[in-house]
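I opened the model to take notes on its fold and on a few residues. The entries follow in the order in which I looked things up.

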Amino acid sequence: QVILCSVDESGNPTKEVFYPVLVKMDKHHFGVVSRIFKRSHDDKLSQLLPSLTYGDEVAVKYGENVLNYKGSENPIKHLTIVASGVGIVPVLDIIKRILGDSDYEIEGCELLWINDSEEDFIFNKEVEKLEHLYPDQFSCARVLDHAVTDKDSILDARVENALPLSEPGRVALVAAPHTVSQKFKPVLDALVYPPQNVISI
């Protein structure tokens, strides 16, 4: 994530967290952003951005979310990913990097993309493109479950069947709001993922 900072019409500073989607990561396009996805729908900065003109300045700094793996699997050969809500945005960036770069040793990536509304399946065209580009390395299961964001509801039992069992060389990544991440802790426990091999962002 990145934090954008600017000044509104009254001269008051305002900032908001955004999630960038990178076009490419080669030496000619490093840092090029095709679009940004805002975290909330009522922030002041999003209302300010359309009024910016050529020459206006916006400060940018990296956010706090980082991918910090300290598990025992090395090298990592397989990646199990759970994404929900805006979690799909950093996940797209990660998948593009590991599948499009021969320096990575990851052989396969399975994505469980779960939301409580069809409207939340943003960037579906980008995910479909990855499915077509890497049919032997990448697969995505899309699940619509209204219980995923309700802290008092239980996930459908079939969700567990959509995820692979833990195995040597496999690590799990959960990119979702805190409530959703908590719901998947017992699911990954049941699939025998060691806690140190589960990354949450």
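Entry 1. Which residues on one side and on the other of β5 are buried? I noted first that the model is predicted. On one side of β5 I found His78, Thr80 and Val82, and on the other Leu79, Ile81 and Ala83; all are buried, and both faces of the strand are covered. The tally for β5 is six buried residues of six, so the strand is largely enclosed by the rest of the structure.

Entry 2. I then looked up the sheet. It is an open sheet of five strands, in the order β7-β6-β5-β8-β9, and the pairing is parallel. At the edges I found β7 (138–144) and β9 (198–200), each of which pairs on one side only. From one strand to the next the twist averages 15°.

Entry 3. I went through two of the pairings. Strands β5 and β6 run parallel and are joined by six bridges. Within β6, leucine 112 is the bridge partner of valine 82, a residue I had already listed as buried in β5. Between β6 (residues 108–115) and β7 I counted seven bridges, again in the parallel sense. Here cysteine 109 stands opposite phenylalanine 138 of β7.

Entry 4. Which strands does helix α2 lie across? I found that α2 (residues 88–100) lies across β5 (78–83), β6, β7 and β8 (170–175). It runs at about 160° to β5. Helix α3 (residues 124–133) lies across β6 and β7, and I get an angle of about 145° to β7.

Entry 5. I checked how α3 is oriented. Its buried residues include Glu126, Val127 and Leu130. Seen down the axis, the buried residues of α3 fall within an arc of 100°, so they line one face of the helix. On the face turned away from that buried side I found the exposed residues Lys125, Lys129 and His132.

Entry 6. I looked at glycine 100, which is found in helix α2. Is it buried or exposed? Glycine 100 is exposed, with a relative accessible area of 53%. Setting aside neighbours within four places in sequence, I found glycine 100 in contact with Ile95 and Tyr134. I also took the C-alpha to C-alpha distance from glycine 100 to leucine 130: 9.9 Å in space, for 30 residues in sequence. Leucine 130 is one of the buried residues of α3.

Entry 7. I searched for aromatic pairs and the count came to one. The ring centres of tryptophan 113 and phenylalanine 121 are 5.0 Å apart and the ring planes are at 70°, so the pair is edge-to-face. The cut-off for that label is over 60 degrees. Both tryptophan 113 and phenylalanine 121 are buried.

Entry 8. I turned to backbone phi values. Most residues other than glycine have a negative phi. Phenylalanine 123 is not a glycine, yet its phi is positive, about 60°. I located phenylalanine 123 in the loop between β6 and α3. Its relative accessible area is 10%, so phenylalanine 123 is buried.

Entry 9. Valine 192 also has a positive phi, near 65°, and is a residue other than glycine. I located valine 192 in the loop between α5 (178–190) and β9. How is valine 192 classed, buried or exposed? At 56% relative accessibility, valine 192 counts as exposed.

Entry 10. I finished with totals for the protein. I counted five helices and nine strands. From the N terminus on, the elements run β-β-β-α-β-β-α-β-α-β-α-β-α-β. Of the 201 residues, 39% are buried. Among contacts with a separation of 6 or more, 71% are between residues 24 or more positions apart. The accessible surface comes to about 12,200 Å², and 51% of that belongs to carbon and sulfur atoms.

Conventions. Residues numbered from 1 in each chain as written. Predicted model: local features only at pLDDT ≥ 70, side-chain atom pairs only at ≥ 80, totals over all residues. Heavy atoms only, no water. Pairing = 2+ DSSP bridges. Helix = DSSP H or I, 4+ residues; strand = E, 2+ residues; numbered from the N terminus. Axes fitted to C-alpha atoms, helices over the stretch in contact; angles between N-to-C directions. Contact = heavy atoms within 4.5 Å. Buried < 20%, exposed > 50% of the residue type's maximum accessible area, 1.4 Å probe, protein only. Areas by Shrake-Rupley, 256 points an atom, 1.4 Å probe, with all protein chains shown as cover. Arc of directions from axis to C-beta. Phe/Tyr/Trp six-rings, centres within 6.5 Å; stacked < 30°, edge-to-face > 60°.
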